[in-house]
Amino acid sequence: MKAAKLIFGLLFIFALSSTFAQKDNSKENYSKGVELMNAGKYTEAIVFLTKAIDEKADLAPAYYFRAFCYCQLNNPDKACPDLAMASKLGHYVEKVAIPCGCDAKDPQ
């Protein structure tokens with residue numbers, strides 16, 4: 001009887017932890033963000049790129065493309081920190097940084 005309770009308890013804990021485990025949708029959110037960006041839907045793209053970054057903080061291209069969207073929306077205050085982070089993570093950024101007026105450089 002004790003063994004059955006222990007097994008039931010372990011199965012319950014496993015099921016509970018699986019239910020609350022956060023699923024990583026960073027690739028899907030990143031792809032949707034880039035798709036929306038390419039369609040010129042910059043505000044909507046930012047939402048998905050932000051989700052991708054929230055799920056995978058070292059996703060340099062997501063920072064880069066979110067910065068591009070912010071630049072297109074004439075918001076360099078948000079674009080420049082994203083470009084700096086993309087550069088820090090190894091992504092080339094000057095193509096967007098220069099027209100947006102950001103002081104972000106390509107990685108060395």
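This is a predicted model: local features need pLDDT of at least 70, side-chain atom pairs count only at pLDDT 80 or more; totals for chains, interfaces and linings use all residues.
The protein has six helices and zero strands, which read along the sequence as α-α-α-α-α-α. Of its 108 residues, 30% are buried. The accessible surface is about 7,300 Å², and carbon and sulfur atoms account for 60% of that area. When contacts between residues at least 6 apart in sequence are considered, 39% of them join residues at least 24 apart.

**Salt bridges**

Three salt bridges are present in the structure.

| Pair | N to O distance |
|---|---|
| Glu35 and Lys32 | 3.7 Å |
| Asp58 and Lys56 | 3.2 Å |
| Arg66 and Asp82 | 2.5 Å |

Side chains of opposite charge can pair when their charged atoms come close. Glu35 and Lys32 both belong to helix 2, residues 26-38, and because they are three residues apart, about one helical turn separates them. An α-helix has 3.6 residues a turn, so residues three or four places apart point the same way. Lys32 has a relative accessible area of 32% and is partly exposed.

In the bridge between Asp58 and Lys56, the closest N and O atoms are 3.2 Å apart. Asp58 is partly exposed at 47% relative accessibility, and Lys56 is partly exposed at 34%.

The side chains of Arg66 and Asp82 form a salt bridge at 2.5 Å, N to O. Arg66 lies in helix 4 (residues 60-72) and Asp82 in helix 5 (residues 76-88), so this pair ties together parts that are 16 residues apart in sequence. Arg66 and Asp82 are both buried.

**Helix 4**

How far apart are the end C-alpha atoms of helix 4? They are 19 Å apart, which agrees with the 18 Å that its 13 residues should span at 1.5 Å a residue. The buried residues of helix 4 are Ala60, Ala62, Tyr63, Tyr64, Arg66, Ala67, Cys69, Tyr70 and Cys71. Cover for these buried residues includes helix 2, helix 3 (42-55), helix 5 and helix 6 (94-100). After helix 4 comes Asn74, which has a positive phi near 60°.

**Aromatic contacts**

The count of aromatic pairs is three. One of them is the pair of Tyr30 and Phe65, which is tilted, with 6.3 Å centre to centre and 45° between the planes. This pair links distant parts of the chain, since Tyr30 is in helix 2 and Phe65 in helix 4, 35 residues apart. Tyr64 and Phe65 make an edge-to-face pair, with 5.3 Å centre to centre and 70° between the planes. Tyr64 is buried, at 9% relative accessibility. Tyr30, Tyr64 and Phe65 together form one aromatic cluster.

A contact of another kind involves a lysine and a ring: Lys51 lies over the face of Phe48, at 5.0 Å from the ring centre.

Terms used. Residues are numbered from 1 along each chain as its sequence is written. Side-chain values use heavy atoms; hydrogens and water are left out. Helices (H or I, at least four residues) and strands (E, at least two) are DSSP runs, numbered from the N terminus. Buried means under 20% relative accessible area, exposed over 50%, partly exposed in between (1.4 Å probe, protein chains only). Contact means heavy atoms within 4.5 Å. Accessible areas come from the Shrake-Rupley method with a 1.4 Å probe; for residues, only the protein chains shown count as cover. A salt bridge is a side-chain nitrogen of Lys or Arg within 4 Å of a carboxyl oxygen of Asp or Glu. The expected span of a helix is 1.5 Å times one less than its number of residues. Rings of Phe, Tyr and Trp (its six-membered ring) pair if their centres lie within 6.5 Å; planes under 30 degrees apart count as stacked, over 60 as edge-to-face and the rest as tilted. A charge sits over a ring if NZ of Lys or CZ of Arg is within 6 Å of the ring centre and within 35 degrees of the ring normal.
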